[in-house]
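Hi there,

Here is the structure I promised to pass on to you. Please have a look at it first, and then read on for what turned up.

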2 protein chains.
Amino acid sequence: MTNTIRLGLVGYGNIGKSAEAAIEAFPDMEGVAVFTRRNPETLNSKLPAVSIDQILEYKDQIDVLILCGGSATDLPEQGPSLAKHFSTIDSYDNHGEIPSYFSAIDASAKENGNTSVISVGWDPGLFSMNRVLFDSVLPSGKTYTFWGKGLSQGHSDAIRRVAGVKKGVQYTVPIEEALDEVRSGSQPSLSAKEQHERVCYIVAEENADKEKIEQTIKTMPNYFEPYQTTVHFIDEETFENEHQKMPHGGFVIRTGESALENQQRMEFQLKLESNPDFTSSILVTYARAVMKLKEEGKTGAFSVLDIPLSYLSDKTPEQLRKDFL
Amino acid sequence: MTNTIRLGLVGYGNIGKSAEAAIEAFPDMEGVAVFTRRNPETLNSKLPAVSIDQILEYKDQIDVLILCGGSATDLPEQGPSLAKHFSTIDSYDNHGEIPSYFSAIDASAKENGNTSVISVGWDPGLFSMNRVLFDSVLPSGKTYTFWGKGLSQGHSDAIRRVAGVKKGVQYTVPIEEALDEVRSGSQPSLSAKEQHERVCYIVAEENADKEKIEQTIKTMPNYFEPYQTTVHFIDEETFENEHQKMPHGGFVIRTGESALENQQRMEFQLKLESNPDFTSSILVTYARAVMKLKEEGKTGAFSVLDIPLSYLSDKTPEQLRKDFL
Ligand SMILES: NC(=O)c1ccc[n+]([C@@H]2O[C@H](COP(=O)([O-])OP(=O)(O)OC[C@H]3O[C@@H](n4cnc5c(N)ncnc54)[C@H](OP(=O)(O)O)[C@@H]3O)[C@@H](O)[C@H]2O)c1
Ligand SMILES: NC(=O)c1ccc[n+]([C@@H]2O[C@H](COP(=O)([O-])OP(=O)(O)OC[C@H]3O[C@@H](n4cnc5c(N)ncnc54)[C@H](OP(=O)(O)O)[C@@H]3O)[C@@H](O)[C@H]2O)c1
């Protein structure tokens, strides 16, 4: 690759900060600026921080914008409006709304000759790619997705709202027996709660009623009540030392029979010490794909399912065939 | 998909037989004939068996030929010559020769407006895809490939040539400690023999000198001498009951650090009761990709790295985004 790919980041939360750092590992990439809705002076970013209101002034200095906003409210608004002016990549993860989000981005991007890749990351993202691959090559079988061990932001927020809780995190943990059962090839019917348990680590306020906290958490409808839930009380030092990262990961597993009644199993695993770091590394990687799609004159919205793996690499097709195939 | 994809099979060995059976699982596929270099009457195939000399008469009845010949001598000859007349898919696995094989197929196919996908299967194939994916999304790290537990045809042949061996099979087995070390993220330097051990099951001729057989095997240069090798003597009944399948599988693992010094691990696993059954199921799947490439007017040679995952599915892009992304 001769020309460096110039990236802009939109939003400076977990993903935005990780993306800024991730760019360093990609010799063919260069960060230009971070765009934020907050006062740019309050961000301590390494890249220049710029108000989102000035983003159009950067049209000629940026090849691809990486949208690092949240899926709940940021991306549905920022995505379609920015895809009018820039080629974009985002990690939109509201699975149920993907079709309409895709349509909105597709319309904006096509109309203006831009190229966008949506829902890049690990789920949606690498997990989705494996679900499609597995389903395609082994038509008779059943696919399972397990998440974790991983920090769940929503559930951690929920326990922190319980009276008496000073600090708290919640991990989603795959149930080992369920994993074993799936791997055995028996193709069990499993609901989410039969696949996962919830483990909480809590620092209680002084003199708080721990039994009551535990009871309140375990009976919280939807969030915890349907699940096997464990609550651990720990001291603040342990919390600060051991629960500051955002680990995650999971498993996509398909078992099935091929012709001639043979059992086959495919499995994809991730074990991530930092979910935002890994996700943003993938987001940055896809900038190469956007550049290749652009070169081919392809505009509109794409997902990870539409992109050949060779488009993700900085190596030539010849090198890849020689050293990786 | 409205039109059934019409497939011809070239060669009726392990892969050919499995491919014939695999087609049944793909509702959008149809087998037309098996082409063989042997007397077609000696094949007990379900599909019509036809002499390879008559294959050109089938040009209008076949959309894609699946080449099921061996990589050592069959494919280097059959591949480039058949790619002149048909679109083809093969599982060429002679890793060192892939670049020149690709060029030969590419020239034949392009010249005649055909589309060929080479080196389809699991390694090369799904493993290659994961090696490229892993290397791309996590630039700083190290990737390992382990094979097995799996039957090795070459090593089984070698032990069967030892005097006193009536029947024998050899399994390549990943060394558990090496797997653990790799997964730990320590990025060890491991040679093939530090990753794999060799386990042999042998039925000895009556009155054979078992100690000598074991010694001969364990000291066989290249094949066994460098490896930790175990030899088990079993009776013929056990051999017939437990060692008739061709299991295989393995692991592609990459560990590395993302930005901000976080450890990340990606892993792809296969556990296959039948290597040829699984490989042929993948070969058949790629016929969809050939049809899509053809529709786009793309001719010449391609590998699994050049093809979007959505091209492998019988589902529409809309369905995939809705249910799999
Ligand atoms: N596909 C996947 O595998 C995957 C994996 C992980 C995450 N994700 C997606 O990534 C999205 C973003 O995740 P995230 O963890 O980066 O979310 P986040 O930390 O909440 O950041 C979201 C946005 O909130 C704003 N923000 C951040 N810190 C703020 C603060 N202190 N005060 C006020 N505003 C602040 C930032 O925009 P401004 O700078 O403009 O204020 C930022 O872009 C998630 O919603 C999820 O959809 C996807
Ligand atoms: N990429 C991957 O992951 C992967 C995995 C597994 C295998 N492979 C590849 O697949 C290739 C084929 O494997 P295979 O196990 O199918 O090889 P095989 O059983 O040895 O068959 C190869 C060819 O030999 C001929 N043949 C078969 N049985 C015969 C017999 N009884 N007498 C005379 N000729 C016979 C057949 O051609 P005719 O019908 O024309 O005689 C057949 O096409 C391997 O070389 C390997 O490269 C790739």
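Let me begin with the way the two chains meet. In this predicted model, 66 residues of chain B touch 66 residues of chain A. Together the two chains bury about 5800 Å², and 61% of that area is on carbon and sulfur atoms.

On the polar side, 34 residue pairs are in polar contact between chain B and chain A, counting pairs with both residues at pLDDT 80 or more. The elements of chain B that each give at least two residues to the side touching chain A are α1 (14-22), α3 (98-111), α4 (126-137), β13 (262-272), α10 (275-295) and α11 (317-323). Sorted by class, that side of chain B holds 33 nonpolar, 17 polar and 16 charged residues. Two salt bridges are counted between the chains. Lys315(B) and Asp135(A) form a salt bridge through their side chains, at 2.7 Å from N to O.

Six strands make an open, antiparallel sheet in the order β7(A)-β12(A)-β13(A)-β13(B)-β12(B)-β7(B). At its edges are β7 (141-147) of chain A and β7 (141-147) of chain B, each of which pairs on one side only. From one strand to the next, the twist averages 5°. The link between the chains is made by β13 (residues 262-272) of chain A and β13(B), which run antiparallel and are joined by nine bridges. Within that pairing, Arg265(A) has Lys271(B) as its bridge partner. On the chain A side, β7(A) and β12 (residues 248-258) of chain A also run antiparallel, with seven bridges between them, and Lys142(A) stands opposite Thr255(A).

In chain A, helix α6 (residues 176-183) lies across β7, β12 and β13 of chain A and runs at about 30° to β12(A). From chain B, α4(B) lies across β7, β12 (248-258) and β13 of chain B together with β13 of chain A, at about 5° to β12(B).

Chain B also has a sheet with parallel pairing. This open sheet has seven strands in the order β3-β2-β1-β4-β5-β6-β14. Because β3 (49-51) and β14 (300-303) of chain B stand at the edges with a single partner strand each, one side of each is left without a neighbour in the sheet. On average, neighbouring strands here are turned by 25° against each other, direction ignored. One of the pairings joins β5 (residues 87-90) and β6 (residues 115-118) of chain B, parallel and over two bridges; there Thr88(B) stands opposite Ser116(B).

What packs on this sheet? α10(B) does, touching β1 (5-10), β2 (29-36), β4 (64-67), β5, β6 and β14 of chain B, and its direction makes about 145° with that of β5(B). Helix α3(B) lies across β5, β6 and β14 of chain B, and runs at about 140° to β14(B). Both α3 and α10 of chain B were among the elements on the side that touches chain A.

Now for the salt bridges in general. Over all chains, the whole structure has 40 of them. One pairs the side chains of Glu236(A) and Lys166(A), at 2.9 Å from N to O. This pair links distant parts of the chain: Glu236(A) is in helix α9 (residues 236-242) of chain A, Lys166(A) is in strand β9 (residues 165-174) of chain A, and they are 70 residues apart.

Finally, some backbone details to check before you set anything up. Gly148(A) and Lys149(A) are joined by a cis peptide bond, with omega about -5°; Lys149(A) is in the loop between β7 and β8 (150-151) of chain A. In chain B, the peptide bond from Asp123(B) to Pro124(B) is cis as well, with omega near 0°. Pro124(B) lies in the loop between β6 and α4 of chain B, and Ser119(B) has its place in the loop between β6 and α4 too. Ser119(B) is not a glycine, yet it has a positive phi of about 55°.

Best wishes

Note on methods. Residues numbered from 1 in each chain as written. Chains lettered and ligands numbered in written order. Heavy atoms only, no water. Contact = heavy atoms within 4.5 Å. Buried area = accessible area lost by both parts, 1.4 Å probe. Salt bridge = Lys/Arg side-chain N within 4 Å of Asp/Glu carboxyl O. Polar contact = N/O pair within 3.5 Å; in protein donor to acceptor, adjacent residues only side chain to side chain. Helix = DSSP H or I, 4+ residues; strand = E, 2+ residues; numbered from the N terminus. Nonpolar A, V, L, I, M, F, W, Y, C, P; charged D, E, K, R; others polar. Pairing = 2+ DSSP bridges. Axes fitted to C-alpha atoms, helices over the stretch in contact; angles between N-to-C directions.
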